Amino acid sequence: MMDIEMFREYCLSLPGTTEEVKWEDNLCFMIEKKIFVMSSLTDGNLAMKCNPEEFEELIARDGISQAWHLAKGQWIGLTDLEVMPATELKRRIADSRQLVLNKLPKKIQEKYRD
């Protein structure tokens, strides 16, 4: 399982990632100032963007729901870091980052091509 420090280190290891505390208690990880994952500093909840085709399947799992106040069918909320194995959580964080990056202008996307 992943703890909060491992989660933070992983997020910051992704190219172009910055972090900022927003709304008093949400640790947000961003690419080009666009949030791709956030964690509540008070209760440990997480929210991240997901592939819309996987949304229904994901929210059917224990500990996962539609992220409160975020776009229906595109953001999931996890009750804590233990809802998913670390390998799946890392993959989903990376996928969330890529989904957000894909919405940015092509010129910005080019900066992050492998």
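**Basis of the entries**

I note that this is a predicted model, in which local features need pLDDT of at least 70 and side-chain atom pairs count only at pLDDT 80 or more, while totals for chains, interfaces and linings use all residues. Residues are numbered from 1 along each chain as its sequence is written, and side-chain values use heavy atoms, with hydrogens and water left out. I took helices (H or I, at least four residues) and strands (E, at least two) as DSSP runs, numbered from the N terminus.

**Entry 1: arginine 92 and its partners**

I checked the accessibility of arginine 92 and read 7%, which counts as buried; the term means under 20% relative accessible area, with exposed over 50% and partly exposed in between (1.4 Å probe, protein chains only). I then followed the side chain of arginine 92 to a polar contact with the side chain of glutamate 54, at 3.3 Å. A polar contact is here a pair of N or O atoms within 3.5 Å; within protein, one must be able to donate a hydrogen and the other to accept it, and residues adjacent in sequence count only if both atoms are side-chain atoms.

I recorded a network of salt bridges that links Glu54, Arg61, Glu88 and Arg92. A salt bridge is a side-chain nitrogen of Lys or Arg within 4 Å of a carboxyl oxygen of Asp or Glu. Between arginine 61 and glutamate 88, the closest N and O atoms of the salt bridge are 2.8 Å apart. Arginine 61 lies in the loop between α2 (55-59) and β5, and glutamate 88 in helix α3 (residues 86-102), so this pair ties together parts that are 27 residues apart in sequence. I found arginine 61 partly exposed, at a relative accessible area of 28%, and glutamate 88 buried, at 14%.

**Entry 2: other salt bridges**

I noted seven salt bridges in the structure. One of them joins arginine 8 to glutamate 19, with the closest N and O atoms 2.5 Å apart. Because arginine 8 lies in helix α1 (residues 4-13) and glutamate 19 in strand β1 (residues 17-22), the pair ties together parts that are 11 residues apart in sequence. Arginine 8 is partly exposed at 29%, and glutamate 19 is partly exposed at 30%.

I also looked up the salt bridge of glutamate 20 with lysine 22, where the closest N and O atoms are 3.6 Å apart. Glutamate 20 has a relative accessible area of 39% and is partly exposed; lysine 22, at 23%, is partly exposed.

**Entry 3: strand pairing**

I counted two strands as paired if DSSP finds at least two bridges between them. β3 and β4 run antiparallel and are joined by three bridges, with methionine 38 opposite alanine 47 in β4. The two strands form a hairpin with five residues between them, and glycine 44 in the turn has a positive phi of about 80°.

I found four bridges between β4 and β6, in the antiparallel sense. Here lysine 49 stands opposite tryptophan 75, and leucine 46 has leucine 78 as its bridge partner. β5 and β6 are antiparallel over three bridges. Leucine 78 is also the bridge partner of isoleucine 64.

I then examined the faces of two strands. In β4, Leu46 and Met48 on one side and Ala47 and Lys49 on the other are all buried. In β6, Trp75 and Gly77 point one way, Ile76 and Leu78 point the other way, and all are buried.

**Entry 4: the largest pocket**

I read a volume of about 390 Å³ for the largest pocket. On a 1 Å grid over the protein atoms alone, probed at 1.4 Å, a pocket is an open set of points with protein on both sides within 12 Å along at least five of seven lines, and lining residues have an atom within 4 Å of a point.

How many residues line the largest pocket? I found 20, of which Asn26, Asn45, Ala47, Ala67 and Trp68 lie nearest its centre. β3 (34-40), β4 (46-49), β5 (64-66) and β6 (75-78) each supply at least two lining residues, and β5 gives the most, with three. By class, I recorded nine nonpolar, nine polar and two charged residues in the lining. Ala, Val, Leu, Ile, Met, Phe, Trp, Tyr, Cys and Pro count as nonpolar, Asp, Glu, Lys and Arg as charged, and the others, Gly among them, as polar.

Notes: Grid points are joined across faces, edges and corners, and a volume is the space filled by probe spheres set on the points.
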